[in-house]
Amino acid sequence: MASLWRAATGMTDNTTEYDGVEFWSNPERTGWLTKQGEYIKTWRRRWFVLKQGKLFWFKDSSITRASRPRGVIPVATCLTVKGAEDILNKPNAFELSTRSDTMYFIADSEKEKEDWINSIGRSIVQHSRSVTDSEIVDYDNNSAKR
């Protein structure tokens, strides 16, 4: 789990993870979520912003150009986002998972949880690696298109 957390909290060598994303302007989705800490497993309420395939979080909701995220997750690295009430025994819980890591969140309501799952899910699909034209196989001719 450490690799997702290091990437999410900016503890990787790539400190420009959010450069070029104007998270303060016209985000796809924003709102309060409660997230679990990596090392100290306390739950903390954070303001989340989803924009251009990245999920940012902040301590408060007054986001400006000068704001610095507490963490960022590139959603293209995520495989699933789904409800997790049964895992955490908490209402409105959901999880965001990569091949090796899982992060947990709690929304304020069932509707908020479903809205976040749908928004993050759409972003995962939009920002994951797409099939390029050269990789499309033409099964009628049994060869790849060029």
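1. F48 and W57 are both buried, where buried means under 20% relative accessible area, exposed over 50% and partly exposed in between, with a 1.4 Å probe and protein chains only. The model is predicted, so that local features need pLDDT of at least 70 and side-chain atom pairs count only at pLDDT 80 or more, while totals for chains, interfaces and linings use all residues. Residues are numbered from 1 along each chain as its sequence is written, and side-chain values use heavy atoms, with hydrogens and water left out.

2. F48, W57, F94, F105 and W116 form one aromatic cluster, and the structure holds eight aromatic pairs. Rings of Phe, Tyr and Trp (its six-membered ring) pair if their centres lie within 6.5 Å, and planes under 30 degrees apart count as stacked, over 60 as edge-to-face and the rest as tilted.

3. Among the pairs, W32 and W47 are edge-to-face, because their ring centres are 5.3 Å apart and their planes stand at 75°. W32 belongs to strand 1 and W47 to strand 2, so this pair ties together parts that are 15 residues apart in sequence. W32 is partly exposed, at 25% relative accessible area, whereas W47 is buried, at 15%.

4. The charged end of R29 sits over the ring of W116, 5.0 Å from its centre; the criterion is NZ of Lys or CZ of Arg within 6 Å of the ring centre and within 35 degrees of the ring normal.

5. W116 is also one of the buried residues of helix 3, which include K113, I117 and I120. Helices (H or I, at least four residues) and strands (E, at least two) are DSSP runs, numbered from the N terminus.
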